[in-house]
Amino acid sequence: MASDATIAPAPPKFRVRHVATDRPWVWLTAGWRDLSAEKSVGMAYGGALALFGWVLALLLFEIGTGWAILPATAGFFMLAPLLAAGLYEVSRRRELGLSTTLADAVAGFRRHGAQLSMIGAMLLLIHLVWVRIAGLLFALFFGLNFAPSLAELPLAMLRSGSLLPFLIIGTGFGFVLASVTFAVTAVSIPMLVDREVSFLEAVTVSIQVVMENPRPMALWAGLIVLFTGLALAPFFLGLVLAMPLIGHATWHAYRDLVQWDDSAAGGPGVGQ
């Protein structure tokens with residue numbers, strides 16, 4: 001018979017909590033407290049993302065694909081949950097009473113990096129599918145010969161009778177892909193930063209959370225879209241504030257929605 005020393009400890013158990021529809025406002029309030037307490041880290045994080053947005057937009061203009069800025073920006077919604085891993089680490093450390101530097105925040109990406117990279121690959125694939133669909137729809141509705149200058153592109157699209165169906169169909173595809181992305185990342189990435197679980201386990205729990213809390217999660221998704229959309233409108237400047245706020249709030253959503261029983265494992269999650 002194997003000795004007790006060779007028996008692996010039982011994995012910690014958890015349960016998905018059911019919360020009130022208006023619970024996302026509590027998460028935002030808690031996220032604001034985290035941002036206020038660690039504002040230098042949060043602002044630096046948000047500023048880096050805003051700078052990335054500027055570089056991406058200028059690059060697309062430079063290579064003559066200005067039309068791709070909109071779908072690329074929409075794709076930001078799909079990649080943002082992974083980009084916020086460092087913010088989850090800030091909130092995790094603050095919950096434990098630890099101070100945090102920007103280097104500590106970046107270390108959040110190294111926590112269970114292999115599993116996080118799998119989610120990153122999945123999100124990148126979804127983003128590439130969306131950009132490809134957007135390009136095909138643009139060619140389908142406006143034609144391959146539709147090539148006004150960048151300065152004339154907005155007015156040329158407004159004058160076209162194809163603009164409305166293009167927006168309706170494109171929005172429909174984007175909604176489906178964004179909904180899938182939200183379901184699989186709602187709590188999965190904060191969970192991977194917090195716990196030693198697999199990529200598939202985290203995604204499964206995330207989907208379960210969304211299915212068992214449809215109303216609060218629908219409100220939360222709507223608030224994320226609203227705040228991020230407003231942040232992107234002034235040429236990405238709003239990301240300096242919106243990104244860290246949403247990131248910290250997402251951590252609190254995870255902590256509120258997934259309740260762990262650490263007694264089975266003999267203690268809290270990895271790194272706590």
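In what order do the elements of the protein chain run from the N terminus on? I read them off as β-α-α-α-α-α-α-α-α-α-α-α-α-β, that is, 12 helices and 2 strands (DSSP runs numbered from the N terminus: H or I of at least four residues for helices, E of at least two for strands).

Ground rules I noted: this is a predicted model, with local features needing pLDDT of at least 70 and side-chain atom pairs pLDDT 80 or more, while totals for chains, interfaces and linings use all residues. Residues are numbered from 1 along each chain, and side-chain values use heavy atoms, without hydrogens or water.

Whole chain next. I found that 44% of the 272 residues are buried (under 20% relative accessible area; exposed is over 50%, partly exposed in between; 1.4 Å probe, protein chains only). Of the contacts (heavy atoms within 4.5 Å) with a separation of 6 or more, 80% join residues 24 or more positions apart.

Then I looked at helix α10, residues 199-212. Its 14 residues reach 20 Å from first C-alpha to last, close to the expected 20 Å (1.5 Å times one less than the number of residues). Its buried residues are Phe199, Ala202, Val203, Val205, Ser206, Val209 and Val210. Why are they on the same side of α10? Because they cover an arc of only 160 degrees around the axis, taken from the directions from the helix axis to the C-beta atoms. An α-helix has 3.6 residues a turn, so residues three or four places apart point the same way. On the other side of α10, I see Leu200 and Met211 exposed.

Last stop was Ile168, in helix α8 (residues 163-185). Ile168 is exposed, at 53% relative accessible area.
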